[in-house]
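Open the model in your viewer and keep the sequence panel beside it. We'll go from stop to stop, selecting a few residues each time.

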Amino acid sequence: QVQLVESGGGLVQAGGSLRLSCSASGSIFGLRTMAWYRQAPGQQRELVATISANGATNYGEPVKGRFTISRDNGKKTTYLQMNSLKSEDTAVYFCWTNGAVWGQGTQVTVSA
């Protein structure tokens, strides 16, 4: 079972940027579709972005044009570059892949 650890969250002002990282264990990272999810207070967990093994990406509507998902298979790491952050982006961000257990996530707080 793959283990995932998120990092890179923090407190930023609206309009700022952050880059989140997701470090993965396992021997087949390069074959997995990776995803970022987020969960805001009082809200359901929502899909933010995905990236397939061949690099195909998709994004949820609220982050389209502002966030970029990428991966480095050699480092077994998935990234989420977040630009033009809004207060509505405040949430705990999780990475996930098939077979993973939800981890602690990393908190992103955007001040208005």
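A word before the first click: buried means under 20% relative accessible area, exposed means over 50%, and partly exposed is in between (1.4 Å probe, protein chains only). This is a predicted model, where local features need pLDDT of at least 70 and side-chain atom pairs count only at pLDDT 80 or more, while totals for chains, interfaces and linings use all residues. Residues are numbered from 1 along each chain as its sequence is written, and side-chain values use heavy atoms, with hydrogens and water left out.

**Stop 1: the sheet**

Switch to cartoon view and select residues 91-96, which make up strand β9. Strands here are DSSP runs (E, at least two residues), numbered from the N terminus. Of the 6 residues in β9, 5 are buried.

Strand β4 (residues 34-39) runs antiparallel to β9, with 5 bridges. Click arginine 38 and you'll find its bridge partner in β9, tyrosine 93. Strand β10 (residues 106-111) is also antiparallel to β9, over 3 bridges; there, alanine 91 has valine 108 as its bridge partner.

Keep going to strand β5 (residues 46-51), joined to β4 in the antiparallel sense by 5 bridges. Alanine 35 sits opposite threonine 50 of β5.

Which order do the strands of the open sheet follow? Reading across its 6 strands, you get β2-β10-β9-β4-β5-β6, with mixed pairing. β2 (10-13) and β6 (57-59) are at the edges with a single partner strand each, so one side of each has no neighbour in the sheet.

**Stop 2: a charge chain**

Show side chains next. The structure has 4 salt bridges, a salt bridge being a side-chain nitrogen of Lys or Arg within 4 Å of a carboxyl oxygen of Asp or Glu. Go back to arginine 38, which meets glutamate 46 in one of them (2.6 Å, N to O). Arginine 38 is buried at 5% relative accessibility, while glutamate 46 is partly exposed at 32%.

Then pick arginine 66 and aspartate 89, a salt bridge whose closest N and O atoms are 2.7 Å apart. Arginine 66 belongs to the loop between β6 and β7 (67-72) and aspartate 89 to the loop between β8 (77-82) and β9, so the pair ties together parts 23 residues apart in sequence. Both residues are buried. Through shared partners, salt bridges link Arg38, Glu46, Arg66 and Asp89 into one network.

**Stop 3: another pair**

Select lysine 64 and glutamate 61, a salt bridge with its closest N and O atoms 3.3 Å apart. Lysine 64 is partly exposed at 48%, and glutamate 61 is exposed at 58% relative accessibility.

**Stop 4: tyrosine 59**

Tyrosine 59 is in strand β6 and is partly exposed, at 22%. Contact means heavy atoms within 4.5 Å. Setting aside neighbours within four places in sequence, tyrosine 59 is in contact with several residues, including Lys64 and Phe67. Its side chain also reaches the backbone nitrogen of isoleucine 69 at 2.9 Å.

**Stop 5: arginine 32**

What does its side chain reach at 2.5 Å? The backbone oxygen of asparagine 98. Beyond residues up to four places away in sequence, arginine 32 touches others, among them Val2, Ile51 and Arg71.

Conventions: Helix = DSSP H or I, 4+ residues; strand = E, 2+ residues; numbered from the N terminus. Pairing = 2+ DSSP bridges. Polar contact = N/O pair within 3.5 Å; in protein donor to acceptor, adjacent residues only side chain to side chain.
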